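Here is a note to read beside the model. Keep the structure open and find each residue as you go.

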Amino acid sequence: ERVGVRGRRGRRRMCRAHAGSTPTCGRAETYMRIAWNGSIARRLVVALLLTTCVMAVWPSESRAQDEVTTVILVRHAERGAEGDDPPLLEAGKQRAALLAAMLKDSGVTAIFTSERIRTKETAAPTAAALKLTPALITTDLTKVRAQVQASGGATTGRRVLIVGHSNTVPTLIGALGGPKDLKIADEEFDRLFVLTMPASGPSTLLMLRYGAAPQGHASQGHK
């Protein structure tokens with residue numbers, strides 16, 4: 001239904017009234033319709049939503065934010081099937097390069113690998129892009145959390161990359177407060193995990209995949 005209202009200077013305007021609501025002026029309706037159809041408005045809405053989300057989760061104290069540690073864990077990329085410590089295949093080198101491209105602006109300040117060549121070669125492009133020297137991750141699961149939290153220096157929100165194996169990545173996630181029942185199949189070289197470790201409270205885990213789906217190949221017992 002339409003009702004009449006008077007503006008500031010007494011001119012009569014027609015507005016649409018809905019049951020139980022305040023009348024809405026036709027001019028406002030027209031303006032909002034134009035705005036919603038514009039790309040600028042869409043950007044503003046997205047920005048507003050993002051701002052709202054950030055405000056909802058932003059720590060009340062900067063110290064709490066400083067103590068949040070984000071750990072990115074990947075299995076090494078595709079490797080050869082011969083020898084005790086096979087290097088990466090060409091497909092593995094391409095995946096390692098992709099990982100570096102993904103993480104070049106991530107703010108990672110520390111990289112850990114195992115002693116195996118395949119994890120070091122997977123981490124090498126990222127380390128070169130970020131000008132970091134990878135360190136060996138401890139094999140003592142009771143000390144992993146302390147090693148990770150002590151890495152990367154005094155930064156705002158520590159970010160760490162760990163390159164491991166199909167059998168060590170799940171155990172590392174469990175040791176850092178994530179789920180303890182994860183499994184990585186022998187042919188899966190595209191798994192990527194993002195573990196968030198807050199100063200207090202439980203860790204949260206995001207499970208992703210990156211790059212092309214790996215092609216099956218013989219493992220000969222290598223992880």
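1. Which residue takes a positive phi in the hairpin of β8 and β9? The residue is G201, with a phi near 95°. This hairpin has 6 residues between the strands. Helices (H or I, at least four residues) and strands (E, at least two) are DSSP runs, numbered from the N terminus.

2. Some ground rules. This is a predicted model, where local features need pLDDT of at least 70, side-chain atom pairs count only at pLDDT 80 or more, and totals for chains, interfaces and linings use all residues. Residues are numbered from 1 along each chain as its sequence is written, and side-chain values use heavy atoms, with hydrogens and water left out.

3. Now the overall picture. The protein chain has 7 helices and 9 strands. Of its 223 residues, 33% count as buried. Buried means under 20% relative accessible area, exposed means over 50%, and partly exposed lies in between (1.4 Å probe, protein chains only). The accessible surface of the chain comes to about 13600 Å². Carbon and sulfur atoms hold 57% of that surface. These areas come from the Shrake-Rupley method with a 1.4 Å probe, and for residues only the protein chains shown count as cover.

4. Look at contacts along the chain. Contact means heavy atoms within 4.5 Å. Take the contacts with a separation of 6 or more: residues 24 or more positions apart account for 60% of them.

5. Next, the sheet. It is open, with 6 strands in the order β6-β5-β7-β4-β8-β9 and mixed pairing. Two strands pair if DSSP finds at least two bridges between them. The edge strands are β6 (135-136) and β9 (204-209), and each pairs on one side only.

6. Follow β8 through this sheet. β8 runs antiparallel to β4, and 6 bridges join the two. β8 also runs antiparallel to β9, again with 6 bridges. On the β9 side, V194 faces L206, and R191 stands opposite R209. β8 is mostly covered, with 6 of its 7 residues buried.

7. What forms the largest nonpolar core? It has 18 residues, and those with the most contacts inside it are V71, L73, V148, I162, L176 and F193. At least two residues of this core come from each of β4 (69-75), β5 (110-113), α6 (144-149), β7 (158-164), α7 (168-175) and β8 (191-197). A second, separate core has 14 residues, including L99, A127, V194 and Y210. A nonpolar core is a set of buried Ala, Val, Leu, Ile, Met, Phe, Trp, Tyr and Cys residues joined through side-chain atoms within 4.5 Å.

8. Stay with V71 for a moment. Leaving out residues up to four places away in sequence, V71 touches V148, V160, I162, L176, F193, V194, L195 and M197.

9. Helix α7 deserves a look. Its buried residues are V169, P170, L172, I173 and G174. They pack against β4, α6, β7, β8 and β9. Just after α7, G177 takes a positive phi of about 100°.

10. Is D190 buried or exposed? D190 counts as buried because its relative accessible area is 6%. The residue lies in the loop between α7 and β8. Leaving out residues up to four places away in sequence, D190 touches R95, L208, R209, Y210, A212, A213 and P214. D190 and H76 are 114 residues apart along the chain, yet their C-alpha atoms are separated by 8.8 Å.

11. Two arginines. R75 is found in strand β4. R75 counts as buried because its relative accessibility is 0%. The C-alpha atoms of R75 and S166, 91 residues apart along the chain, are separated by 6.0 Å. R95 lies over the face of Y210, at 5.6 Å from the ring centre. A charge sits over a ring if NZ of Lys or CZ of Arg is within 6 Å of the ring centre and within 35 degrees of the ring normal.

12. Finally, K131. Most residues other than glycine have a negative phi. K131 is not a glycine, but its phi is positive, about 60°. K131 is found in the loop between α5 (117-130) and β6. K131 counts as exposed because its relative accessible area is 75%.
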